[in-house]
Amino acid sequence: MHFLFIHCICYKLLSYIWMNMDHNGETEDTSVSLLSPKRLRGKVAVITGGARGIGAATARVFAENGAHVVIADILDEVGASLADSIEGRYVHCDVSKEEEVESAVKQAVEWKGRLDIMFNNAGIAGFGGSITNIKMDKMMTLLAINLNGVVHGVKHAARTMIAGKHGGTIICSSSSAAIMGGLASHSYTMSKEAILGLSRSTACELGVYGIRVNCISPHGVPSEMLVSEYRKFLGNMELRPDEVSSIVGERGSLLHGRGGTLEDVAQAVLFLASDESGFITGHNLVIDGGYTSACSQMSFIYQE
Ligand SMILES: NC(=O)c1ccc[n+]([C@@H]2O[C@H](COP(=O)([O-])OP(=O)(O)OC[C@H]3O[C@@H](n4cnc5c(N)ncnc54)[C@H](O)[C@@H]3O)[C@@H](O)[C@H]2O)c1
């Protein structure tokens, strides 16, 4: 009995070491992974808009989980410094230009020989105002980044993953604004709604190759984009990220007082990037503290 127990423990330990071997057969430091297994070990990921905000938080979480990360952005200095800190790569890439997205994907393949994960995250807030004054040129500029940028990402990731013949996972950034009106400008709302449609239709086409396509819909996360928007709306240029978080927690979340964080979104993307979500495709994972699921103004009806 005692022998059987020791045999079993040894077998489990050996299996664990085997699972934690790198491609070249060297054993990596498993001291951390014994407590928390690396969920993206050896996978290769491209993150557009990965220099700061949600993209940067996701790049760090991916790297902590064993992925090789290519950050594709237009903020060269910040992006390159983050890439260095996670032993990744930085590539200048304006997602509105198809050839730059294609090149970012190619560089990932040249670096590590494959592409497993594409996170189409780059986006801008754009401009607000009334539909009666909407400026078509400004709207087209926003759509070129928020929507065309995602189309470019899905297209070139899909081509590469199909050629690689080992499937892959594509995640696109939509928004709570795509689910509920009144949360963002008309152009932004439109771009994010279109991303949901594109993700579903491409999930349908690409499933046969083992490629999953999903969306995330964050809400009220105090990134530079959101904080600068709130500063403009509230006319307070000193507004801090924690203050934005408090406002969202109080007014925009069913989890009273709890706003979303960059880490909340990064963890949701990690789930969709990992094999743990292997049977999930065509899905929109909403990270909004339940805000778009229910109207809390009537919650008095639950009182005894
Ligand atoms: N913060 C939120 O609450 C929230 C909510 C819903 C959706 N989102 C979406 O999440 C994504 C990330 O936004 P964030 O909140 O981290 O904002 P952010 O402004 O902090 O980050 C956006 C990143 O995209 C990059 N970028 C902008 N234009 C680009 C271009 N043309 N090519 C390549 N990169 C470009 C920026 O340089 C930056 O690194 C966006 O698509 C945004 O719409 C954010």
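Helix H6 crosses helix H7 in a right-handed sense, where right-handed means that the near helix is turned clockwise from the far one by less than a right angle, and left-handed anticlockwise. This is a predicted model, in which local features need pLDDT of at least 70 and side-chain atom pairs count only at pLDDT 80 or more, while totals for chains, interfaces and linings use all residues. Residue numbers start from 1 along each chain as its sequence is written.

To find the pair, look at residues 148-164 for H6 and residues 186-206 for H7; their axes lie 11 Å apart, at an angle of about 15°. Axes here are lines fitted to C-alpha atoms, for helices over the stretch in contact, with angles from 0 to 180 degrees between N-to-C directions. The two helices are therefore roughly parallel, given that angles under 35 degrees count as roughly parallel, over 145 as roughly antiparallel, 65 to 115 as roughly perpendicular and the rest as oblique. On the H6 side, Val-150, Val-151, Val-154 and Ala-158 meet Ile-195, Leu-198, Thr-202 and Leu-206 of H7, a contact being two C-beta atoms, placed from the backbone, within 7 Å. Seven of these contact residues are nonpolar and one is polar, with no charged residue. In this scheme Ala, Val, Leu, Ile, Met, Phe, Trp, Tyr, Cys and Pro are nonpolar, Asp, Glu, Lys and Arg are charged, and the others, Gly among them, are polar.

Now let us turn to H2 and H10. The axis of H2 comes within 8 Å of that of H10 (residues 262-273), and they cross at roughly 55°. That angle makes H2 oblique to H10, and the crossing is right-handed. Among the H2 residues that meet H10 are Gly-53, Ala-57 and Val-61, and H10 brings residues including Leu-262, Val-265 and Val-269. The contact of H2 with H10 holds ten nonpolar residues, three polar and one charged.

H2 also leads us to the ligand. Around the ligand there are 29 residues, of which Gly-49, Gly-53, Gly-123, Ser-223 and Met-225 come nearest; a residue is near if its C-beta atom, placed from the backbone, lies within 6 Å. Helices H2 (53-64) and H8 (224-234) are the elements that give two or more residues to this shell. By type, the shell has 13 nonpolar, twelve polar and four charged residues.

Stepping back, the chain has ten helices and seven strands, which are DSSP runs (H or I, at least four residues, for helices; E, at least two, for strands) numbered from the N terminus. Among contacts between residues at least 6 apart in sequence, 66% join residues at least 24 apart.
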